[in-house]
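Let us begin with strands and then move on to individual residues.

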Amino acid sequence: MKNKIPLIIAAVCGLVAVVLINSYLSQQRQEAMRQAQMQTRRAAQEDLVRVLVAKNDIVQGKIVEEKDLKQEAVPKEYLQPKAATSLERVVGKITIASIAKGEQILLSKLALPGETGSLANRTPAGKRAITVPVDNIAGISGLLKPGDYVDVLSKIPTPVTGPDGKQQMQLTTMPLFQNVLVLAVGSDVGGGAQTKEKGASTVTLALGPQEASLISFVQEQGKIQLLLRSPTDTQVQQIPPANWETLFAYLYPDMVKKAQMEALQPKQKPKEPPKVEIYRGLNKEEVILTK
């Protein structure tokens with residue numbers, strides 16, 4: 001019996017080792033599955049876009065209210081062209097076609113109240129319609145249409161201090177306003193009221209009272225330029241003015257930073273050569289020593 005005890009102990013230890021190994025392997029498999037599931041969920045979330053869909057059927061000609069809408073996350077491949085992602089682009093507009101429950105809200109199925117009528121009826125409450133001159137290139141000739149949203153830039157001369165300390169004028173591109181509604185392009189106000197113009201020289205924008213006053217001032221100083229936005233993009237960012245300094249800082253950040261640091265360092269005065277004083281009678285004379 002005594003001879004069998006070591007064998008029994010060895011068998012028990014072996015069995016315990018097998019159980020522990022199986023338990024460890026099981027935990028590793030579960031951890032690997034958990035990591036894989038987390039990566040799958042993360043990838044799925046990154047591939048999703050939140051869009052507005054109809055809570056219930058919305059009939060044609062109805063003014064859309066916030067209660068008619070809800071947000072849903074859909075894969076990017078199922079995102080419809082001109083699908084709305086922002087309430088401010090949808091609420092208060094009229095449906096020009098019926099929208100089924102669960103359907104993505106498309107901006108192409110919406111219009112401003114009175115869109116086929118006068119420009120005043122198409123101007124949103126709290127906004128002012130102001131017409132600005134834009135040349136064919138700056139106005140995205142032939143591509144811009146009523147109902148689009150744009151960013152407004154202006155190219156104007158601004159005073160800057162030169163290296164000599166004197167003021168001089170420098171051409172600067174100033175970002176003025178973002179996510180601005182286009183009410184009309186030339187005489188085209190949308191909705192078939194006028195034949196669409198190509199290469200129109202004016203664009204009518206919907207701006208707040210102060211914004212309208214500012215753009216009225218700026219257009220007397222320089223040119224207005226418009227940047228067409230995606231219908232699904234409503235983000236507003238802080239963008240610095242563009243001039244020579246910001247251009248070089250963007251293209252060559254390391255060189256500009258080095259130049260700025262060198263400019264801040266105190267300039268060392270050139271060393272004066274050694275001199276000796278020689279007295280001749282009552283007269284003193286300084287003589288520079290040379291090697």
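## Paired strands

Strands β6 and β7 run antiparallel and are joined by 12 bridges. Strands here are DSSP runs of E with at least two residues, numbered from the N terminus, and two strands pair if DSSP finds at least two bridges between them. Within this pairing, Val150 stands opposite Val180 in β7. Strand β7 also pairs with β8 (residues 202-207), again in the antiparallel sense, over 4 bridges. There, Val182 has Leu205 in β8 as its bridge partner.

A word on the model itself: it is predicted, so local features need pLDDT of at least 70 and side-chain atom pairs count only at pLDDT 80 or more, while totals for chains, interfaces and linings use all residues. Residues are numbered from 1 along each chain as its sequence is written, and side-chain values use heavy atoms, with hydrogens and water left out.

Asp151 sits in strand β6 (residues 149-161). Is this residue buried or exposed? Asp151 is buried, because its relative accessible area is 13%; buried means under 20%, exposed over 50%, and partly exposed in between (1.4 Å probe, protein chains only).

The side chain of Asp151 makes a polar contact with the side chain of Arg229 at 2.7 Å. A polar contact is a pair of N or O atoms within 3.5 Å; within protein, one must be able to donate a hydrogen and the other to accept it, and residues adjacent in sequence count only if both atoms are side-chain atoms. A polar atom of the Asp151 side chain also lies 3.0 Å from the backbone nitrogen of Asn179. Leaving aside neighbours within four places in sequence, Asp151 is in contact (heavy atoms within 4.5 Å) with residues including Phe177, Gln178 and Leu227.

Asn179, in strand β7 (residues 167-185), has a positive phi of about 60° although it is not a glycine. Most residues other than glycine have a negative phi. Asn179 counts as buried because its relative accessibility is 14%.

Lys82 has a positive phi too, near 65°. Lys82 lies in the loop between β2 and β3 and counts as partly exposed, because its relative accessibility is 33%.

## A buried lysine

Lys93 lies in the loop between β2 (69-75) and β3 (94-95). Lys93 counts as buried because its relative accessibility is 10%. Which backbone oxygen does the side chain of Lys93 reach? That of Arg89, at 3.3 Å. Leaving aside neighbours within four places in sequence, Lys93 is in contact with several residues, among them Ile63, Leu110 and Tyr149.
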